[in-house]
Amino acid sequence: MSVFDPTETGLAARSEGQSWLERIPIAYWVVGLVLLIMPALAGDFMLFQIFGWTFILGLIALGLMFLGGYGGMVSLAQMSIAGVGGYMVAIFGVSAIDTISLGWPWYVAIPIALVIAMLFGTLTGWLAVRTEGIYTIMITLAIAAAFFYFARQNYVMFNGFSGFNGVLPPMLFGVDWRGPAAFYYLTLFWAALGYLVVLYISRAPFGLALQGVRDNPRRMSALGYNVTAHRVAAYTFASLLAAIGGILLTWQSAQISPGTAGIGPAIDILVIAVIGGMRHPVGPFIGAFIYVILKTYAIDALVTLGLSGERFQLLIGIAFLVIVFWSPDGIIGLWDRLRENRKRDPLTGRGGEGP
Amino acid sequence: MTDFARRHPVWAAVIAILAAILVWMIFALWPSWLVDLIGKKKVFLNALFNGITLGGLYFLVASGFTLIFGLMRNVNLAHGSLYLLGGYVGYEFAELTGYWLLAFPAAFIVVAVFGILLQLVVFRRMEGQDLRQTLVTIGISIIMADLMLWGWGGDFYNISAPSWLSGPLETILVTAQKRSGDLVYLKYPLVRVVIFLAAVAIGVAMWLLLNRTKIGMLIRAGVDDRDMLSATGARIQLVFLAVFAFGAGLAGIAGVVGGTFQSVAPGEDIRFLLASLVVVIVGGMGSIPGAALGALLIGLAEQFGSVYMPTYAVVLTFLIMVGVLAFRPQGLMGRS
């Protein structure tokens, strides 16, 4: 995945006189092509379970990366917002629990779900931005826990402990969107779109202002920017990504229950974003891929090593700790450092370019 | 307190009236209309006392959390794991020696030593990097939770109190009047009362330590301005170590208390981590009196919630938190 390069071969290195197509770095073509022909290479399980899940978790973690990397706010409520999105699709759309589900068509249910999830995310953000830095983690963790307990206790709307099952994607264009290849392309489309939009926003005035707010809120406020509004808007955007991810997640497993948006999954999203790296939007997808691979295959690996397969959490925890300890910028940070080292002149010790 | 009354006369009056109503509800014999309205007095009194004693337990957990946070700006999200570790250690010790009281110093020492190790090996290396420290504590709590699950399994352990503490305590509070005219008095588990009194004693001792001794002066100075304190030549690393050990040890003691009140089991770490988060958010970060007030409020809310609106008891505590955040983000006792 090292082919993505945020700084030099990326879009930043643009020269005048080229068309926009020529300005897309070659790495994007390669990765894009590989991802597009993946269904010809990989089996159904790989497509649906590994890649589909990677793209979904990556999309949810992408929102956290946007908040944390560009806004300096680490929120643990992303999974709850995704959960709200999934629940709303189940409540307004079709599910097996037809006493609660309203059974509205998808083109009504999905927009409503997205809007409600964004409202929830905005409200969370509005509460969270009243505090700063590490307080944000505590408050969003508490909000995530509150949502989990509420969904588990509430039987009128959220159907309590068991949640909803039989939540399926609509049969649009006569395609079964839960088929491996179709679901792969569906998740790939939204992940790629989310990735590109985040990349675009990071260079748009809003994204630049947000990074300014991250680096020095007082100066930005002195320059006339509304710091609070920028932060809350960042939460709103991040919750849109989470909501899309949450709906896809619900479709993938065809069900949603409080456990989907529990405290464990909420922390997992943070783990994914941190392992991948919060500096570039590709980080969450790398992190999600590692997480999904570990979660799927670690049990087998542990069993062959003679350990009980239940020790999966231990593995994840140690991986997380190692990354946080030695490379705060995640895998991307490791890659950057490796390249810096390679460029460095062995005699003078000076870097190839720049400070 | 007079200062508060002078500045907010209306609020002071409201609080005084509420307190008077509460006192009347505790001591008076309830008229029948009140019983019809909210049920038996016994239920009310039990919820009240359970809430207060639960608040004592929450205070034990949260005061260590808030002390560590106030001094080191380190949101120790592994605090729940320290609580759980204390519970398991206390259980093993009580089983091994047969003395319930021995479980407390054992849990305190073991968990405090563990806290010292954490501070020496982990947190000292990344001083001043708040976010990274917090992320590391998340990693530690994931690993500890799994290791403890490995070691002790998913069973529930109960630390049983000794026989001289296990009986009920006859209180002087009247719950009802029999037809014959005899008064029915409330009985309440003695162990809960004792543990609550111990929690109060620990709280008072902490307050005295912080406000009346030289070490306390150092800690308070560190809370206000860490850099300036170390510039004056105080050995701040030692203070950090001591506070971390003490806060962790308190969590360990709380684990034994929790194991006696309820049980020690996987998942309790998250529960008490969340409880202490909510308590310090409500009370005000880094403030010991705030932790006491917050713990009392949350304990009462949880118990009254589970009696009078059972479905949404847990949500009630979070509603309190959201309300405090919306109107007083620094917490009830916090300084902005």
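Is the crossing of α14(A) and α7(B) left-handed or right-handed? I opened the notebook with this point, and in this predicted model I found that α14(A) and α7(B) cross in a left-handed sense.

**Entry on the helix pair.** I then looked up the geometry of the two helices, and I noted that α14 of chain A, residues 312-326, packs with α7(B) at an angle of about 160 degrees, the axes being 8 Å apart. Because angles over 145 degrees count as roughly antiparallel, I wrote down α14(A) as roughly antiparallel to α7(B).

**Entry on the residues that meet.** Next I went through the residues on each side, and I listed from α14(A) Leu314(A), Ile318(A), Phe320(A) and Phe325(A), among others, as meeting residues of α7(B) that include Arg132(B), Val136(B), Ile143(B) and Asp146(B). Sorting the residues of this contact by class, I recorded 13 nonpolar, 3 polar and 2 charged.

**Entry on the wider interface.**

**Entry on the domains of chain A.** Last, I looked up how chain A is divided, and I found domain 1 at 1-36 and domain 2 at 47-265. Taken over C-alpha atoms, the centres of these two domains of chain A are separated by 28 Å.

Note on methods. Residues are numbered from 1 along each chain as its sequence is written. Chains are lettered from A and ligands numbered from 1 in the order in which they are written. This is a predicted model: local features need pLDDT of at least 70, side-chain atom pairs count only at pLDDT 80 or more; totals for chains, interfaces and linings use all residues. Axes are lines fitted to C-alpha atoms, for helices over the stretch in contact, and angles run from 0 to 180 degrees between N-to-C directions. Helices (H or I, at least four residues) and strands (E, at least two) are DSSP runs, numbered from the N terminus. Angles under 35 degrees count as roughly parallel, over 145 as roughly antiparallel, 65 to 115 as roughly perpendicular and the rest as oblique. A crossing is left-handed if the near helix is turned anticlockwise from the far one by less than a right angle, and right-handed if clockwise. Two residues are in contact if their C-beta atoms, placed from the backbone, lie within 7 Å. Ala, Val, Leu, Ile, Met, Phe, Trp, Tyr, Cys and Pro count as nonpolar, Asp, Glu, Lys and Arg as charged, and the others, Gly among them, as polar. Domain bounds come from an automatic or database domain assignment.
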